[in-house]
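Please open the model in your viewer and keep the sequence beside it.

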Amino acid sequence: MTGATTALWLAEREIADLVLVDVLEGMPQGKSLDLSQALPVIGKDVTIIGSNDFEATTGSDIIVITAGLPRKPGMSRDDLLTANAEIVRKSVVETVKRSPEAIFIILTNPLDTMAYLAMKIGKLPPERVIGQAGILDSARMRAFVAMELKVSVENINCYVLGGHGDEMVPLTRHSNVAGFPLREILPPDRLDAIVNRTRKGGGEIISLLKTGSAYYAPSVAVAQMVEAILKDKHLIIPASAYVQGEYNLRDIFFGVPVQLGRKGIEKILEYELDEVEKTALEKSAEAVRQINEALHKLVSF
Ligand SMILES: NC(=O)c1ccc[n+]([C@@H]2O[C@H](COP(=O)([O-])OP(=O)(O)OC[C@H]3O[C@@H](n4cnc5c(N)ncnc54)[C@H](O)[C@@H]3O)[C@@H](O)[C@H]2O)c1
């Protein structure tokens, strides 16, 4: 669902030709035909191909990896590790040899660990591997603030850093509505409720859907990243990037503000954090490290 919906958002923007690959026979072919038949109505000229063969992706500028199992009700993202590590490993091996210069955007969960695996297995430079999490988590928080205050989503700026798990770190001190600090316009109990709902935003949707997980918001987040890269926008977004000393963290993928352009990650930006925020980030980083350790027992690289 996230892969095909990313294709839909991208086709609407008319910024790339698209190839959908899946192991299920006929499914990517059927979805790409359906999408192609929407294009005359919206007046967009892009080519959309579906295939069960990675050969069709040869020479891609960007590879978006969404292959893998989504969560079921009651599961954590980490529960997906064993199944998805092999799927992501194979997807990276098969795509990197056909598109060695591509920039990789990873969506599959557990996100920060799957991005780490992609970089290691693909022997990719860190600036060419980006995990999608922060745009989505921040957008969830923005949506909840908009619902609470009845203000346009466009006025709301929220920043969620850290790992893409329950320990993610919504930065309430840096978040604002048209420049007014969130902490000054929302009572502490309402702000806490929004922070908690943001942290559990994915799980809330899974328990409502019962089969599958969220896909509209995750995939539009990927589309925004693809657009920033193709248009060389130098766009600053929160995303999972390989940290090498930033925020005092090393050798993990972690949600931090990054600047995206045609070469991928141009830089990682560092907020000044207070002690409470630093402690929360460290706790989140420790959760990511633990899943990475479990990964090392499954895959050697
Ligand atoms: N990072 C995020 O913010 C975020 C948000 C939503 C979903 N996700 C994750 O993205 C992943 C996909 O979610 P979804 O809702 O699209 O799931 P989905 O079940 O709708 O689609 C996953 C697809 O992967 C395919 N697949 C399995 N093995 C494959 C392989 N070896 N090669 C190619 N395709 C293969 C399956 O056939 C299936 O069609 C899940 O792991 C989910 O947890 C992450």
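A salt bridge, as the term is used here, is a side-chain nitrogen of Lys or Arg within 4 Å of a carboxyl oxygen of Asp or Glu. Before selecting anything, note that this is a predicted model, in which local features need pLDDT of at least 70 and side-chain atom pairs count only at pLDDT 80 or more, while totals for chains, interfaces and linings use all residues. Residues are numbered from 1 along each chain as its sequence is written, and side-chain values use heavy atoms, with hydrogens and water left out.

**The whole protein**

Along the principal axes, the C-alpha atoms fill a box of roughly 50 × 45 × 40 Å. Of the 301 residues, 48% count as buried, where buried means under 20% relative accessible area, exposed over 50%, and partly exposed in between (1.4 Å probe, protein chains only).

**Salt bridges**

Next, select Asp-61 and Arg-262, which form a salt bridge whose closest N and O atoms are 3.6 Å apart. Asp-61 lies in the loop between E2 and E3 and Arg-262 in the loop between strand E12 (250-261) and strand E13 (264-268), so the pair ties together parts that are 201 residues apart in sequence. Asp-61 is partly exposed at 44% relative accessibility, and Arg-262 is partly exposed at 32%.

Move on to Arg-98 and Glu-55, whose side chains meet in a salt bridge at 2.7 Å, N to O. Since Arg-98 sits in the loop between helix H3 (81-96) and strand E4 (103-106), and Glu-55 in the loop between strand E2 (48-51) and strand E3 (62-65), this pair ties together parts that are 43 residues apart in sequence. Arg-98 is buried, with a relative accessible area of 17%, whereas Glu-55 is partly exposed at 46%.

A further pair to select is Arg-289 and Glu-282, joined by a salt bridge of 3.1 Å, N to O. Here Arg-289 is partly exposed at 24%, and Glu-282 is partly exposed at 37%. Elsewhere, salt bridges that share partners join Glu-55, Glu-94, Lys-97 and Arg-98 into one network.

Now select strands E6, E9 and E10, which form an open, antiparallel sheet in the order E6-E9-E10; two strands pair if DSSP finds at least two bridges between them. Strand E6 (156-157) and strand E10 (180-181) stand at the edges with a single partner strand each, so one side of each is left without a neighbour in the sheet. Strand E9 (residues 176-177) pairs with E10 over two bridges, and the bridge partner of Val-177 in E10 is Phe-180.

**The cavity lining**

Which residues line the largest cavity? Select Ala-133, Gly-134, Asp-137, Val-160, Leu-161, Gly-162, Gly-163, Met-168, Ala-239, Ser-240 and Gly-255 to show its lining, for which a cavity is a set of points on a 1 Å grid over the protein atoms alone where a 1.4 Å probe fits but cannot get out, and lining residues have an atom within 4 Å of a point.

Notes. Helices (H or I, at least four residues) and strands (E, at least two) are DSSP runs, numbered from the N terminus. On a 1 Å grid over the protein atoms alone, a cavity is a set of points where a 1.4 Å probe fits but cannot get out, and a pocket is an open set with protein on both sides within 12 Å along at least five of seven lines; lining residues have an atom within 4 Å of a point.
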